Amino acid sequence: MRAMILTKVCRLSEQPNPLEPAELPDPTPGPKDILIRVTVCGVCHTELDEIEGRTPPSRFPMVLGHQVVGRVVARGESVERFREGDRVGVAWIYRACGHCVYCQSGNENLCPQFLATGRDAHGGYAEMMVVPADFAYIVPQQLEDAEAAPLLCAGAIGYRSFRLTGLQETGRLGLMGFGSSGHLVLKFVRAHWPGIEVHVFSRNPAEREFARELGAIWTGEIAESPPVLLDAIIDTTPVWRPVVESLRHLRPGGRLVINAIRKEDADKQALLDLHYPEHLWMEKEIKSVANVSRRDVQEFLELAASAGIRPQVREYPLDQANQALQDLRSGRTPGAKVLRISD
Ligand SMILES: [Zn+2]
Ligand SMILES: [Zn+2]
């Protein structure tokens with residue numbers, strides 16, 4: 001099969017084309033696995049973190065990609081859940097042990113044996129991939145393959161972040177940063193929890209305007225103060241200054257949820273501005289979001305389909321995966337990046 005592979009960690013500023021085309025043997029499914037012919041695979045910021053070593057692959061070469069949609073073409077002998085031809089999605093969670101305290105309580109995203117798709121097992125930047133059948137999802141009919149791909153990561157983890165805010169029917173939610181995950185959160189909150197007021201912080205005026213069009217009640221620069229203190233803020237930025245600013249915007253007892261797999265070190269000195277009385281006193285909380293559980297993925301796909309959420313996507317052929325990564329990194333081209341691998 002054709003694949004784009006990563007053979008080593010590198011800096012994208014020095015190596016703008018980190019992935020190489022390769023021919024790999026077709027994978028074969030184990031007894032509990034399905035073999036998928038990949039139609040599309042979304043391109044995610046986490047791939048940049050993998051390439052630059054902030055969350056490096058556990059071995060090389062590695063086929064990246066964890067927002068995969070395809071058709072089942074073969075299955076192991078003990079797989080009951082799927083049939084050949086079924087359309088399935090695969091997300092960041094590739095496998096968890098199933099019996100630890102985390103797996104038993106539905107927090108399999110915290111499992112010590114958690115494996116990530118496209119980091120610890122080959123992912124979707126390839127014509128085929130194998131995944132345990134228990135870690136694949138039926139994609140709701142309303143969604144096209146390319147529309148479903150970004151929902152599998154940015155959407156699912158956005159949904160998990162929202163769940164971790166603890167907000168129920170009403171409240172004031174802040175979104176710090178307004179990339180693909182933030183805009184999906186705003187859409188599904190508007191559709192399913194209209195009693196929640198959403199405030200959006202972004203340094204980009206076009207993103208702020210977009211947020212208002214989607215129903216944000218207030219938008220502003222990252223250091224700007226909204227007219228009210230917020231119950232919860234979800235931070236999706238890769239840096240530290242927004243963390244400090246977010247804490248200042250929280251009400252007493254408010255919670256900051258950091259949705260980032262790793263933070264960059266470039267502005268780490270911003271943390272020295274953390275002023276305990278202003279930023280943390282009065283029982284303010286900080287919580288990170290780690291990975292996704294299967295519940296997050298499946299519930300979010302259904303929520304998105306019923307709310308009519310259709311991400312705006314930009315397609316690239318598989319052999320232009322490096323270009324897609326560059327466009328994602330520069331932030332200059334709009335829309336979620338998706339590799340089109342077969343029809
Ligand atoms: Zn992702
Ligand atoms: Zn476990």
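Student: Where does Met282 lie?
Tutor: Met282 lies in the loop between helix H7 (276-279) and strand S16, where helices are DSSP runs of H or I with at least four residues, strands are runs of E with at least two, and both are numbered from the N terminus. This is a predicted model, in which local features need pLDDT of at least 70 and side-chain atom pairs count only at pLDDT 80 or more, while totals for chains, interfaces and linings use all residues. Residues are numbered from 1 along each chain as its sequence is written, and chains are lettered from A and ligands numbered from 1 in the order in which they are written.

Student: What about the phi of Met282?
Tutor: Met282 has a positive phi of about 75° although it is not a glycine. Glu283, which lies in the loop between H7 and S16, also has a positive phi, of about 60°, and is not a glycine.

Student: Is Met282 buried or exposed?
Tutor: Met282 is exposed, with 12 other C-beta atoms within 10 Å, and Glu283 is exposed with 10. A residue counts as buried if 20 or more other C-beta atoms lie within 10 Å of its own, as exposed if 12 or fewer do, and as partly exposed in between, with C-beta atoms placed from the backbone.

Student: Which strands are in the sheet with S16, and in what order?
Tutor: Six strands form an open sheet in the order S13-S12-S11-S14-S15-S16, and the pairing is parallel; two strands pair if DSSP finds at least two bridges between them. Strand S13 (218-220) and strand S16 (285-288) stand at the edges with a single partner strand each, so one side of each is left without a neighbour in the sheet. Neighbouring strands of this sheet are turned by 20° against each other on average, direction ignored.

Student: How many bridges join S11 to S12?
Tutor: Strand S11 (residues 171-176) is joined to strand S12 (residues 196-201) by six bridges, and Met176 has Phe201 as its bridge partner in S12.

Student: What lies across S11?
Tutor: Helix H6 (residues 241-249) lies across S11, strand S14 (230-235) and strand S15 (250-258), and runs at about 150° to S15. Axes are lines fitted to C-alpha atoms, for helices over the stretch in contact, and angles run from 0 to 180 degrees between N-to-C directions; two residues are in contact if their C-beta atoms, placed from the backbone, lie within 7 Å.

Student: Changing topic, what are the domains?
Tutor: The domain assignment gives domain 1 (2-143 + 310-340) and domain 2 (156-288), and such bounds come from an automatic or database assignment. Their C-alpha centres lie 28 Å apart, and the contact takes seven residues from domain 1 and five residues from domain 2.

Student: Which residues touch the most other members of the largest nonpolar core?
Tutor: Of its 98 residues, Ile36, Ala91, Tyr125, Ala156, Leu175 and Leu339 do. A nonpolar core is a set of buried Ala, Val, Leu, Ile, Met, Phe, Trp, Tyr and Cys residues joined through C-beta atoms within 7 Å. Helix H3 (residues 145-165) gives the largest share of this core, 11 residues, and at least three residues come from each of domain 1 and domain 2.

Student: And where is the cis peptide bond?
Tutor: The peptide bond from Phe60 to Pro61 is cis, with omega near -10°, and Pro61 is found in the loop between helix H1 (45-51) and S4.
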